[in-house]
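Trainee: I've just opened this one. Can you walk me through it?

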Amino acid sequence: MDGRYIASVDQGTASSRCFVFDNGARIVSMAQQEHRQHFPRPGWVEHDPEEIWRHVLSVISVALQKAELSTGDLCALGIANQRETTVLWDRRTGAPVHNAINWQDTRTDRVCRELAREFGQDRFREKTGLPVTTYFSGPKVRWLLDHIPGLRERAENGEVLFGTMDSWLIWNMCGRHVTDVTNASRTLLMNIHTLEWDRDLLDVIGVPAAMLPEIRPSSEVYGETGSPLAGVPVASALGDQHAALVGQTCFEPGEAKCTFGTGSFLVLNTGPRPVVSNSGLLTTLAYKLDSTGAVYGLEGSIANTGALVQWFRDNIGLIGSAPEIETLALTVEDNGGCYFVPAFSGLFAPHWRSDARGVIAGLTSYINKGHLARAVLEATAWQTREVVDAMNADYGSNLSELKVDGGMTADNLLMQFLADVIGVPATRPIVSETVSLGAAYSAGLAVGFWPDIASLKHNWHKAAEWVPKMDPAERDRGYRKWKKAVSRAIDWLDDDDDD
C-alpha cells in the first residue's frame with residue numbers, strides 16, 4: 001500500500017461524484033457531474049451508461065486535480081452505486097445494448113404481476129427477502145430480453161452481460177465481471193441464505209445464468225484499474241444504502257440510518273441472521289466485509305423524497321432551487337390541512353403498491369404555495385414514520401435513535417419535523433457524505449488503510465441533533481390524516497392503463 005489517500009465513486013441516480021478521503025476520514029476534495037434523465041414514456045426512466053462512465057472518469061480526474069494529487073497518491077478506490085438500475089452490454093465490444101433501466105422505472109409492472117400471480121410472492125420472499133415489484137433488477141433484465149430482437153439468444157450464449165452500475169464500472173475499470181453481495185441481493189435472483197444465484201429463480205424470471213456476474217464480498221480487491229487511472233486497486237463495491245450504513249458505522253445489531261436523497265432509505269442492522277419482515281420491509285444483505293460473515297438488514301425503501309422537491313422546482317416552478325423550499329415553507333405555520341402523497345412511481349415500503357399514484361389531499365381555498373411547500377417536506381417525514389413503525393414491529397424493539405445523512409438533512413425544518421413524527425432523536429455526523437465514506441471505508445479495510453471496524457467508529461462524530469418536541473396528540477392526529485391521504489392514492493391504475 002503506497003498511497004496516502006482513499007478515493008470513492010458514488011454513482012447515484014442524479015449524478016456521479018468522487019470523494020478523496022485521508023486516514024482520518026476527512027474530505028480532501030470532491031467533484032460531481034450530473035447526467036441526463038431520460039423519460040421515453042410515462043413511468044419509464046433511463047440513463048445512458050456510456051455517459052455515466054465518461055462522467056465517472058471525469059469526476060475522478062477533477063477530484064484529484066483539486067487536491068493536487070496523482071493516481072499514485074491513492075491506495076485504493078471504492079464504489080457505491082444506485083442499486084437496482086440495470087445495464088446489459090456486449091461482452092466483446094463493451095457497448096451497452098440499451099440505455100440502463102433505472103430503479104424507479106415501472107415498465108415491468110405487468111411482468112411482475114404475472115410472476116406474482118403464477119408463482120406467488122412467498123416463493124420469492126423465502127429466498128430473496130424481497131417482494132416481486134418493478135423496483136428490482138431481475139424483471140428489468142427479463143423485459144430487455146423479451147423486447148430486443150435476438151438478445152435472449154445472445155445472452156444464453158454468454159455474448160451479453162448483465163450488471164448493476166457497480167458491475168458496469170468495474171468492467172470498464174478492471175475488465176472483470178463481478179458484483180458484490182449487496183447489489184446481488186437486490187435483483188430477485190440471489191438466494192440471501194447461500195449468497196449465490198438461485199437456479200430456480202433464474203428459470204422462473206427467465207434470466208440466463210451465462211450473463212450474470214460473479215458474486216463477491218463488499219470489501220475485496222477486484223482488480224487494478226487500467227488507463228487513465230494507472231493501476232489503482234478497485235477494492236470495494238456496495239449498493240449506496242449499504243455503503244451509507246457502513247459510513248454511519250452502524251456495525252451493531254439494532255443500529256439504523258436513513259439516507260435522504262432522491263428517495264429515502266432506512267436500513268437497520270439485524271446481525272448475522274436475516275429477519276423476515278411481516279410489515280412490508282425488505283430483508284437484505286447489509287454488507288460482507290471480506291473474510292467476515294455476511295451481515296443482514298431490514299430496509300424500508302421510499303421512492304420519492306428529494307425527487308418530490310425536484311419535481312416541485314422543475315415541473316411546478318414555485319421555487320428556483322431545492323434549498324428555497326424551506327424558506328417558502330417557513331412562510332406558514334403548518335400545512336393548512338394539506339397532505340401530499342408522492343406516489344409518482346407507485347408506493348414502496350411498507351405498501352408495495354405499483355398501482356398507486358400521487359395525490360394532494362385536503363385542498364381548500366385557504367391553501368397557498370407555502371402550505372404546498374410544507375406538505376412536500378412533511379411527506380418525507382410521514383413516509384419515514386411509516387417505515388419506522390414497520391421496522392419496530394419486525395425487529396421486536398423500538399429504535400432509540402436514527403442516524404441521518406444525505407442532502408435533505410441540510411433542511412432544519414424537515415429534520416425537526418422528522419424527529420417530531422418518529423418520536424426519537426435524529427442525529428447527523430460531521431461527514432454527512434456517508435455513502436461515499438462507506439465505500440471508502442470498505443476499500444480501505446481491504447488494503448489495510450484502516451485496520452478494523454473499531455478504528456472506523458472512532459471517526460464518527462455528531463454534528464447536529466434534532467429531538468422530538470411535538471405534542472403526541474398533534475403527532476397522532478397528523479399521522480391519521482396522512483394515512484387517509486395514502487388510502488386515496490392506492491388503486492389508481494386500471495388494467496387497461498398500460499395500453
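Mentor: Terms first: helices are DSSP runs of H or I with at least four residues, strands are E runs of at least two, and both are numbered from the N terminus. This is a predicted model: local features need pLDDT of at least 70, side-chain atom pairs count only at pLDDT 80 or more, and totals for chains, interfaces and linings use all residues. Residues are numbered from 1 along each chain as its sequence is written, and side-chain values use heavy atoms, with hydrogens and water left out.

Trainee: OK. Where does D491 lie?

Mentor: D491 lies in the segment after helix 16, which spans 472–489. Its phi is near 65°, a positive value in a residue other than glycine.

Trainee: What about L188, what is its phi?

Mentor: L188 also isn't a glycine, and its phi is positive, about 70°. It is in the loop between helix 7 (181–184) and strand 10 (190–191). L188 is buried, with a relative accessible area of 1%.

Trainee: Backbone again: which peptide bond is cis?

Mentor: The one from A349 to P350, with omega near -5°. P350 is in the loop between strand 19 and strand 20 (359–361). Most peptide bonds are trans.

Trainee: New topic. Which residues of helix 2 are buried?

Mentor: Helix 2 covers residues 109–119, and D109, V111, C112 and L115 are its buried ones. Down the helix axis they fall within an arc of 160°, so they line one face of helix 2. That arc is taken from the directions from the axis to the C-beta atoms.

Trainee: What does the face turned away from the buried side carry?

Mentor: On helix 2, that face carries R117 and E118, both exposed.

Trainee: Now charges. How many salt bridges does the structure hold?

Mentor: There are 29. A salt bridge here is a side-chain nitrogen of Lys or Arg within 4 Å of a carboxyl oxygen of Asp or Glu. One of them pairs R107 with E46, at 2.8 Å from N to O. This pair links distant parts of the chain, 61 residues apart: R107 is in the loop between strand 7 (100–101) and helix 2, and E46 is in strand 4 (residues 46–47). Both R107 and E46 are buried.

Trainee: And K457, which side chain does it meet?

Mentor: K457 meets E255, at 3.9 Å from N to O. K457 sits in helix 15 (residues 453–457), while E255 is in the loop between helix 9 (240–247) and strand 15 (256–260), 202 residues apart. K457 is partly exposed at 32% relative accessible area, and E255 is partly exposed at 23%.

Trainee: Which residues are joined by salt bridges that share partners?

Mentor: R83, E84, R186, D240 and E299 form one network. Within it, E84 and R83 meet at 3.8 Å, N to O. E84 is buried at 1% relative accessible area, and R83 counts as buried at 3%.

Trainee: Last one. What forms the negative surface patch?

Mentor: E333, D334, D471, E474 and D476. Patch residues have over 30% relative accessible area and no salt bridge, with like charges joined within 9 Å and nonpolar side chains (Val, Leu, Ile, Met, Phe, Trp, Tyr) within 5 Å. E333 is in the loop between helix 11 (324–329) and strand 19 (339–341). E333 is exposed, at 76% relative accessible area.

Methods
Accessible areas come from the Shrake-Rupley method with a 1.4 Å probe; for residues, only the protein chains shown count as cover. Lys and Arg count as positive and Asp and Glu as negative; His and the chain ends are not counted. The place of a charge is taken as NZ of Lys, CZ of Arg, CG of Asp or CD of Glu. Buried means under 20% relative accessible area, exposed over 50%, partly exposed in between (1.4 Å probe, protein chains only).
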